[in-house]
Amino acid sequence: MATGDSAAQDANRFIVLEGVRKSYPGAGAVISDFNLSISRGEFVTLLGPSGSGKSTLLMLLAGFEKPDAGAIVARGRNYVEMAPKDRNIGVVFQDYALFPHMTVAQNVAYPLRVRRMASAERRAAVERVLRLVQLEDLAHRRPAALSGGQRQRVALARALVFQPDFVLMDEPLSALDRRLRDHLQVELKHLHAKLGVTVVYVTHDQDEALTMSDRIVVLDRGRVQQVGTPEDVYARSANLFVADFIGESNRLDGCIVARRGEEATIRLAGGREMPCRPVGSLNVGDRATISVRPENVRLELEPAPEPEPDHGLPATLVEAIYYGDHARVVVSLPEGGPLTVRVPANGAAPAVEAGRPVRISWDASLARAFVC
Ligand code: ADP
Ligand code: MG
């Protein structure tokens, strides 16, 4: 039905950026031809190295910067010409930006004051949101008397209190220590599920992006490298940049010598042939780089003395690094290396005899081959 369809389409196109370009004087093009549709209620993360244009995209959405070209439409309205204050967007930045002379409750009430909400209504809204972020007992403290995590929760409450159409967060957890960050990641995720608010989140931390997002937009130098679910970008990386930036990956160079649909054979520098999964149009004779994750490499510590031909790669043990729950075993290969294998630690650090001959192998589908 037409109305149902268009409602569904509206929900899928809650925020739309089309052909967005932005340059700064002296910095050249910072965002080139950026296209993205965000659904209502989605948690979308812009992930990329420092300088890739993540904050610039948030500034464009918030209205603190104007695109040189392209359209930004949110809730069916043209945002490019709309003043920041009319956009009804909540923002949370890394450095909290709380008013030091105001209490927690006053900080959180501030956006409601600006919007001239009546004081009884304001008090109720502040109470509700402070309960939501579990700060109701600290309502009368000033920011200086709070921990980093508590301050960031105040900033979050302040961004949510006026029921924004969507919330922009720029590296909100990056100033916090690891443990607190992990905790707040889960809290934020729960809060998002509970409120169903649309979030555009910025981080350079791939773990954070993987844990929190419905979809991840991987950026490099202002260009989208891949858009997909956390599983898409991790397990089905579209190119070498994404494979290297998200998680850890081992790379080996070679030349494609056979291709049968989803499977190909690559001849590595030393002449050995290994199976792989070609990504995109890779043909026989093309130079390629395979990327295989440490957990997808099989390690045989005691390889049979006369293995079947072309079964894996002979390698030499270099060292094992113990991480408690797992270990990383580093091997060297005649074709280059080192190469890292992730193995479960099973309660003990693996005893590794450096220099020992071993063999590694992998399933074709887990070694992705890219044009290089
Ligand atoms: P990120 O948030 O991914 O680290 P930014 O969007 O902050 O990236 O910056 C992208 C690029 O634009 C960087 O090269 C940065 O130096 C440049 N840049 C950002 N803001 C300005 C500005 N106001 N004036 C000039 N150059 C800027
Ligand atoms: Mg930034």
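**Close-up views of a predicted model**

**Figure 1. Helix H2 and the residues that it buries.** The buried residues of H2 are Lys54, Thr56, Leu57, Leu58, Leu60, Leu61 and Ala62. As you can see from that list, H2 is mostly covered, with seven of its nine residues buried. Please keep in mind, here and in the other views, that this is a predicted model. If you follow the chain just past the end of H2, you come to Gly63, where phi is positive, at about 95°.

**Figure 2. The surroundings of ligand 1.** Which residues surround ligand 1? Tyr24, Ala27 and Val30 are among them, and so is the run Pro49, Ser50, Gly51, Ser52, Gly53, Lys54, Ser55 and Thr56. H2 is the element that gives the most to this shell, contributing three residues.

**Figure 3. Polar atoms facing ligand 1.** A polar backbone atom of Gly51 sits 2.7 Å from an oxygen atom of ligand 1. Ser52 also brings its backbone to the ligand, with an N or O atom 3.1 Å from an oxygen atom of ligand 1. Ser55 uses its side chain instead: one of its polar side-chain atoms is 2.8 Å from an oxygen atom of ligand 1. On its own, ligand 1 has 560 Å² of accessible area, and the protein covers 59% of that.

**Figure 4. Ser52 in its loop.** Ser52 belongs to the loop that runs between strand E3 (43–47) and helix H2 (54–62). Is Ser52 buried or exposed? Its relative accessible area is 2%, and it counts as buried because this is under 20%. A polar atom of the Ser52 side chain lies 2.7 Å from the backbone oxygen of Pro49. Setting aside neighbours within four places in sequence, Ser52 touches Val30, Leu219, Asp220, Arg221 and Gly222.

**Figure 5. Asp165 and its arginine partner.** Asp165 is placed in the loop between helix H5 (148–160) and strand E7 (166–170). Asp165 is buried, since its relative accessible area of 17% falls under the 20% limit. Which side chain joins Asp165 in a polar contact of 2.8 Å? It is that of Arg75. Beyond its neighbours within four places in sequence, Asp165 has contacts with Phe14, Arg75, Arg77, Tyr79, Arg87, Asn88 and Thr198. Take Arg87 from that list: it is 78 residues from Asp165 in sequence, while the two C-alpha atoms are 8.1 Å apart in space.

**Figure 6. The whole protein, for orientation.** After the close-ups, here is the setting from which they were taken. The protein is built from nine helices and 20 strands, and its C-alpha trace spans about 85 × 50 × 50 Å along the principal axes. Of its 372 residues, 45% are buried. Among contacts with a separation of 6 or more, 66% are between residues 24 or more positions apart.

Definitions and conventions: Residues numbered from 1 in each chain as written. Chains lettered and ligands numbered in written order. Predicted model: local features only at pLDDT ≥ 70, side-chain atom pairs only at ≥ 80, totals over all residues. Heavy atoms only, no water. Helix = DSSP H or I, 4+ residues; strand = E, 2+ residues; numbered from the N terminus. Buried < 20%, exposed > 50% of the residue type's maximum accessible area, 1.4 Å probe, protein only. Polar contact = N/O pair within 3.5 Å; in protein donor to acceptor, adjacent residues only side chain to side chain. Contact = heavy atoms within 4.5 Å. Near = heavy atom within 4 Å. Areas by Shrake-Rupley, 256 points an atom, 1.4 Å probe, with all protein chains shown as cover.
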